[in-house]
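This note was prepared for a colleague who intends to work with the structure shown below. Its points may be read alongside the sequence.

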Amino acid sequence: MKITIIGAGNMGGATALGLARYGKGISLTVTAAHERTLEKYKASGMEASLDNRSAAEGADLVILGVKPWIAGAILEEIRPALAGKVLCSMAAGIPDGDLLAMVEGSGVKAVYTVIPNLAIEVGESMTYVHRIRGDAETDALVMDLFDTVGKTRLADGKQLHAGMILASCGTAFAMRYFRAATEGGVQLGLYPKDALEAVLQTVKGAADLLEARGTHPEQEVDRVTTPGGITIRGLNAMEEAGFTNAVIRGLSL
Ligand SMILES: NC(=O)c1ccc[n+]([C@@H]2O[C@H](COP(=O)([O-])OP(=O)(O)OC[C@H]3O[C@@H](n4cnc5c(N)ncnc54)[C@H](OP(=O)(O)O)[C@@H]3O)[C@@H](O)[C@H]2O)c1
């Protein structure tokens, strides 16, 4: 399958690198506004172009990775190339009707909003796929593609919004926890890189443990908290400082 990614920035670029590494049977073309953006993709063997329309013409599936406010102009530019193709827009927050209006009359075969997260680059994205126009066959095509670079969920509009905040913004939220825990580790006497190593391995291990055992997080908390011990004292101090409320408030804005 030939895939063109229009806009190889943070998200489009991470998607290109992830698909290049983990995708099967695909060839990739990326575009950007500036030649210097394309250099690293060319160096890793991808086709790269400043010409969005001709790049889209050669594709079976087009991924739109530009900022939402220029999506309309870019779709207008590539409109003649969209006939018979599957379009996956990563632009967040564009209502379904607006996106459909942008491609009306182009003959595009199917239209999706697809929201991955930055871990797509390392094959570990949590990706939400929202069908705007398409069928079971195009659903399967898009899901199979993004399944190669992480986990994928088909979502209605409400789930897409929730999933985007939890999983896409969630990457930034997780980074803040890593930073905070690392700073705490330094205060306890570890060098920053050693503290970060401990935080990352602990979080990975905790995630793997929950997945493997299928338990609720509080069940594992109960296994770690010795009565009167330092873990429960630490948890209670975090709650006193508003940990759970802060996380839920951050997710609910
Ligand atoms: N970042 C995330 O975690 C994330 C997650 C989910 C969805 N998204 C969505 O992904 C989209 C991109 O976000 P981002 O953070 O990746 O933005 P970004 O880093 O600014 O990337 C945008 C890319 O678009 C390119 N571009 C700009 N004008 C163009 C044009 N006329 N033709 C071709 N390419 C053009 C830019 O090229 P140059 O680099 O050469 O200027 C840049 O590479 C947004 O719509 C956002 O809502 C982002």
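The numbered points below go from the overall architecture to individual elements and residues.

1. Overall architecture. The structure is a predicted model. Its protein chain contains eleven helices and eight strands. The C-alpha trace spans about 70 × 40 × 30 Å along its principal axes. Of the 253 residues in the protein chain, 33% count as buried. Among contacts with a separation of 6 or more, 61% come from residues 24 or more positions apart.

2. The nonpolar core. The largest nonpolar core comprises 56 residues. Within this core, the residues with the most contacts are V30, L64 and C88. When neighbours within four places in sequence are left aside, V30 is in contact with I5, A8, G12, A16, L38, Y41, M46 and A48.

3. Strand β2 and its partner β1. Strand β2 covers residues 27-31 and is mostly covered, four of its five residues being buried. Strand β1 (residues 2-6) pairs with β2 in the parallel sense, over five bridges. In this pairing, I3 stands opposite L28 of β2. Together, β1, α1 and β2 form a right-handed β-α-β unit.

4. From β2 to β3. Strand β3 (residues 47-49) also pairs with β2 in the parallel sense, in this case over three bridges. Here T31 stands opposite S49 of β3. The chain passes from β2 to β3 through helix α2 (residues 35-43), and this β-α-β crossover is right-handed. For orientation when inspecting these strands, the side chains of a regular strand alternate between the two faces of the sheet.

5. Surroundings of the ligand. Which residues are closest to the ligand? They are G7, G9, H34, T37 and A92, within a shell of 26 residues that surround the ligand. The elements that contribute two or more residues to this shell are α1 (10-22) and α4 (68-78). By class, the shell has 14 nonpolar, eleven polar and one charged residues.

6. Strands β7 and β8. Strand β7 (residues 125-133) and strand β8 (residues 150-154) run parallel and are joined by five bridges. Y128 stands opposite R153 in β8. With helix α6 (residues 136-147), these two strands make a right-handed β-α-β unit.

7. Residue S54. S54 lies in helix α3 (residues 52-57). In sequence, S54 and T4 are 50 residues apart, while their C-alpha atoms are 9.9 Å apart in space.

8. Helix α10. Helix α10 (residues 230-240) is hardly covered, since the count of buried residues among its eleven residues is zero. After α10 comes G242, which has a positive phi, near 95°.

How values were computed
Residues numbered from 1 in each chain as written. Predicted model: local features only at pLDDT ≥ 70, side-chain atom pairs only at ≥ 80, totals over all residues. Buried ≥ 20, exposed ≤ 12 C-beta atoms within 10 Å, placed from the backbone. Contact = placed C-beta atoms within 7 Å. Core = buried A, V, L, I, M, F, W, Y, C linked by C-beta atoms within 7 Å. Pairing = 2+ DSSP bridges. Right-handed = clockwise from strand over helix to strand, strands pointing away. Near = placed C-beta within 6 Å. Nonpolar A, V, L, I, M, F, W, Y, C, P; charged D, E, K, R; others polar.
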